[in-house]
Amino acid sequence: MNALGIIFSDHYSESGLFNSLTAIRTPASLPYAGRYRTIDFTLSAMVNAQITNVGIIAKENYGSLVDHLGSGEDWDLNRRKGGLTMLSPLARPDSHTIAARGRLDALRSIKGYIEDQQQKYVVMAFGGAVANVDLDEMLRFHEQSGSYLTIAYADIPANKGEMTLSIDQDGRINDLAYLPAETEKPCPCSLSIYLMSRKDLLDFLEEAYNKDYTHMNRELVQKNLSNKKICAYHHKEYARIIRTAEDYFAAGMEILEPAVQKGLFPKDRPVYTKVKDSVPTFYGYHAKVENSLIADGCTIKGTVKNSILFRGVTVEEGAVVENAILMQKSKIGADSKVSYVITDKNVTIGANNDLKGTPKAPFVIGKDKEV
Amino acid sequence: MKNKEALAMLLAGGQGSRLYVLTQETAKPAIPFGGKYRIIDFPLSNCVNSGIDTVGVLTQYRPLELHSYIGNGQPWDLNRMNGGVHILPPYVSGATGEWYKGTANAIYQNIEFIEKYDPEYVVILSGDHIYKMDYNKMIEFHKEKKADATIATLSVPMEEASRFGIVNADEDDKIYEFEEKPPVPKSNRASMGVYTFTWKKLRHYLIEDEKTEGSSNDFGKNVLPAMLEAGERMFAYPFDGYWKDVGTIESLWEANMDLLNPNIPLNLSDPDWKIYARHGHSLLPQYIGKDVEIGESAVTENCSLKGCSLWYSVLFSGVEVEEGSKLNSAVVMENTKIGKNCTIKYAIIAPDAIIEDGAIIGAEPENYDGEWGIAVVGSGATVKAGQKVLPKEMIKPNTVKEAE
């Protein structure tokens, strides 16, 4: 599609919650499903819709993101024309703020960049949503409905504070609301994917500058609901928005379900990620493994059940790992037991430990920690 | 252009006829190995890890898959502005064209390419071996000895020496004799097929060899003996480490099994000497379902195992194994699907094969009365439900094994 892609790597103040795993990285670079990071979904959705010009707005904490994306080669975005562009807050002479107050503020700071591009449309997306959205179909919907702005949504359980949409029969958004309390019952939540014409966006950014608008949902969406046609595109497949360690754990575990795998990784819209040269995973003589998703480069000599193991994890003999998410290069020592645990990258758990969390309160062990 | 001290020429044009059905449709260096590699990843990774950033890959036999695998050389960091990987197939010059007649002729036909980089030294490699080697150390040895040619050698058990090209050298490693598969070997120093030449000397002997009538234009048979006879300084470089010629079905299977053996020094996870490969991009991690028995095995991304047992086996990406199937000492290459209640032992199954329910492939040597060997299923072949593939039997690519 003839569109410029813009990805926000942060929640901004439009969604106050954050979790301990994002204290050291952007929500867009959360490790996911054994070998991906959350931004891979958004970035791959763009690439799969032939969007070959993508700007990433990084606000803070983006070391791991820059490391992950590199030149964009692994998403086929190392292009002479377009390709991947990192837009940090101070990237341009016309960047006017050090830390953008909201997504709209961040867009204002790259107005010059947006002007310089050629594409007819702009797709703006939050890189932390876990969803594989068909953007081609979203564009068809946008053109058919003749709307000014289209926002993708999914019917999903959501946290307190999540933005829900009230939508009429024709798909037009009547109102926005922020959930007063957590809900298990699926409700129409914004996936923070916005599609509009680049010209309309530039006109709005001009207005936003004059009136000092800073927030996408408040000013671009809410203020325009009555005078412009703003529609909601229904993403029917699996989607999750991750805010807390508990969300992360629940969504992380759901990936073991075949239906979820199918929804997130459809054959015709593959999810690309950074290529690493890991060796195959080796299973030792006493290894016992059940219902687990295991990345390459692991060494498994103990027991692993109902768990997600990222690349390069070691589980020593006699260790028992159950209902756990072990990120890259975690080590579980001999005869240790871990259940309902998330270990961040490079965590080492020595021998003979017993670590337990609960489904509602998984035990999170921070990056590089030793237990 | 700045000249290169050393460049490597990788002979990748051979058919590998002793791999039979595995190389029926692709060149030997493109054969998958060890769960996520191809044979050619080893010399290419060795080059880049040794600091050699200019590699000519000479292709001839069924090069399509090899060419697309190498591509621009990016997975090996060989997409360079000055140098990098170059694919060198035979070409037509003027009215006549010529296939590569032998290993030496292949280099001879690419003198122009080598001259472009004006190297001091040329390292000649082949795409037949699994090993990790620092070619730079060999070049240093070559310089130290003020050699004209250096041949990498490996000490093999004396009783096996008659299977190899043997290099006889004095205490100073100076070569005085070559023996090709001698019935009674004088030493156990086997040539690894890895040579370093001072380019000016090699150039001279390649041109001379080309003029020699009746020459088979081969390094081992013609060029090296000619250099020795002329009294050039030739040395045997002692290599110490894992090295395996994977030119036969048995040795290819063994090398895969070696990977599972912690006592064999072929550590692929050494961060200082990575073996790079072109990876599939969009693959989910491997999924191990319920009631899976797994041990002493290597499994790769996107595999899916359900209710099966897997011992001493290597599974490449995208392999699926269903309930009740038993695998032992099996090498199963990418995207092969194995149905329910199959038994696969001592076998190599090439990519994209379909093994239907209840098929029996291969057997343990101790439980088999006939002439035993590794059972092989070619790429894209189908073994129908309940069919047997006997030890040493080979199913041709894209054929169907069914009841007669």
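Chain B touches chain A through 37 of its residues, which meet 34 residues of chain A; contact means heavy atoms within 4.5 Å. This is a predicted model, in which local features need pLDDT of at least 70 and side-chain atom pairs pLDDT 80 or more, while totals for chains, interfaces and linings use all residues. Residues are numbered from 1 along each chain as written, chains are lettered from A in the order written, and side-chain values use heavy atoms, without hydrogens and water.

Start with the interface. About 2,900 Å² is buried between chain B and chain A, and carbon and sulfur atoms give 54% of that. Buried area is the accessible area (1.4 Å probe) that two parts lose on being put together, summed over both.

Next, the charges. The rule finds two salt bridges across the interface. A salt bridge needs a side-chain nitrogen of Lys or Arg within 4 Å of a carboxyl oxygen of Asp or Glu. Glu301(B) forms one with Arg35(A), with the closest N and O atoms 3.2 Å apart.

Now the strands. Strands are DSSP runs of E, at least two residues long, numbered from the N terminus. On the side of chain B that touches chain A, β16 (286-288), β17 (292-295) and β18 (297-299) of chain B each give two or more residues. β16(B) pairs with strand β16 (residues 292-294) of chain A in the antiparallel sense, over three bridges. Pairing requires at least two DSSP bridges between the strands. Within this pair, Leu293(A) stands opposite Tyr287(B).

Technical notes: Helix = DSSP H or I, 4+ residues; strand = E, 2+ residues; numbered from the N terminus.
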